[in-house]
Amino acid sequence: MSHIIDEIKQFSTYTKDYGTTIRRKLIAYWIVMILAVFSAIMVILSIAGVFSHSDKRLNEALDLQQQNTMDSLEDHMGQLSARCVDLSERISAELSSSLFLKGKTLEMLNDDQDLIVDLEERMYPLIDTTLRYSECSGVFFMLDATCDTKAENARYSRMGIYLRNADLRELNTVNKHMAYFRGDSEVAGKEEIAIHEQWTQEFDTAMIPEYDRMMEESVSDLEDCCRWAGRLKLKGTEEEVMLLCAPILDASGQVCGICGIEISELYFRLANPVYDSSYGSMLTIVAPMEGNTLNLEHAVFGSCGDIFLRREGALTVKKEKYYNIYSSGEEEYIGLHGPLSGKSLNGKNMVAVTLLSENYFNKVVSGERRLWIIGSVLFFFIMLFIAWFLTTHFVAPIYKVLANIREDRPIDEYHSGITELDDLAEYIQNKAKENEQRELPPNIEVLFQEFSEKVAKLTPMERTVLQFYIDGYTIEEVAARAFISVNTVKKHNTNINRKLEVSNREELMLYIDLFRRSGRIGEITYHSEL
């Protein structure tokens, strides 16, 4: 271990004593300057939002959530549709069997309270089982008959049973707390089930949208006739629900009633909680859509989180590159939507929508852009500081070498850290001591030759300005003698520095001084009259 440490120390001492070349220092300097320019460009692009990929990342998050929502809703609605069709078939079979055994027809149910009660008792287990084993908040059936045809609203009153889940904390379990919402009270008493506070004996057909059309519809396929009704207020309550309805057929295949499954909005919110993403809460909506307009009047909403969305009116959809913009006229939302396979009673397409607040998203994007800008500005100033540091540490050794050469100090007393300068200083001092011409070190000779060749490529005016510097004039004196402005002189300075590959005037004067001390100033002297 100690041997390795000794080798490291020796290498460190060697590199310190040997120093670095001007080329390496210039390379380091220009790399830093390039990085500084690059960071400045980064700042500008960050302000313009070029590096922000928030839209694309939001699209990925929305697309994933939308796909999960679609899969969940399609699976749920498919199961409920199958349950509803199965319930319709069972009720049809039980109805035909019961009427046949009693020698009755469907029309004979009217005004026959005992027959209605008996039939509802037979149907109750079917309704109860469907509710317990389905992911829903209620199940019902109604037949085209009434217990009192002479009542004032007999035309809209129909017999049947409507069971509801009274405690949604018992979601998706068979141990549901039932409430008897519609049906004869005798059946509730025999089944020992609590009666809903808004209970009435019979249905009002107005609670089923398109009821009359469904009753007159010709049915060839029950699955094709299984339709969803959009959000509606449940009569006698403040609750809003979405109903899945299917026709009930008699023995002749004619529609004699309707059965269905209820999804209350509270149930839908519990089953579709808000998804908290880095861009805000994502809300799930099921709504009818016509053209590019979502109808919110009949939509059901999942848990909203921090999203405020009115449950009325409509949302106009505008398609963007990564997502859609949904506008209510007052607020705008970001999201995606997709069609559901379930059919609606009014014939409109049903879609599943994933939404989030545009305002919240914009705040997140602004925060990300701010971080980009701060990081780019910080990087820019760090690069400028490094460039300044390298510049000062690059120029300082040059001044040091010049001062030591002028003072004719011994080489051993100073060390610039730049190989070419140290070699040249040593050469000049040895030449002065020995008072004889000696060949320059190979790397210094190459340096002189390259510099002389670059000087030869200057324009006549640039050679003239350089000659003034060789003669010891300042910028202002050069301007006066050449009859040009100071700005023009500075412009020539820039071109001269670039062509001679020097960083500043001090480095240029160093080369001039080195040529003079080496007795080779004639190689760069310009012999032309102004």
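View 1. The model is predicted, with local features needing pLDDT of at least 70 and side-chain atom pairs counting only at pLDDT 80 or more, while totals for chains, interfaces and linings use all residues. Residues are numbered from 1 along each chain as its sequence is written, and side-chain values use heavy atoms, leaving out hydrogens and water. Lining residues, which have an atom within 4 Å of a cavity point (on a 1 Å grid over the protein atoms alone, a point where a 1.4 Å probe fits but cannot get out), include His76, Trp228 and Phe268.

**View 2. The aromatic pair of tyrosine 162 and phenylalanine 181.** The ring centres of tyrosine 162 and phenylalanine 181 are 5.2 Å apart and their planes lie at 85°, so the pair is edge-to-face (rings of Phe, Tyr and Trp, the last by its six-membered ring, pair with centres within 6.5 Å, and planes over 60 degrees apart count as edge-to-face). Both tyrosine 162 and phenylalanine 181 are buried, that is, under 20% relative accessible area with a 1.4 Å probe and protein chains only.

**View 3. Charges over the ring of phenylalanine 181.** The charged end of arginine 182 sits over this ring, 4.1 Å from its centre, and arginine 164 lies over the face of phenylalanine 181 at 5.6 Å from the ring centre; the criterion is CZ of Arg within 6 Å of the ring centre and within 35 degrees of the ring normal.

Note on methods. 1 Å grid on protein atoms, 1.4 Å probe; cavity = no way out; pocket = protein on both sides within 12 Å on 5 of 7 lines; lining within 4 Å. Phe/Tyr/Trp six-rings, centres within 6.5 Å; stacked < 30°, edge-to-face > 60°. Buried < 20%, exposed > 50% of the residue type's maximum accessible area, 1.4 Å probe, protein only.
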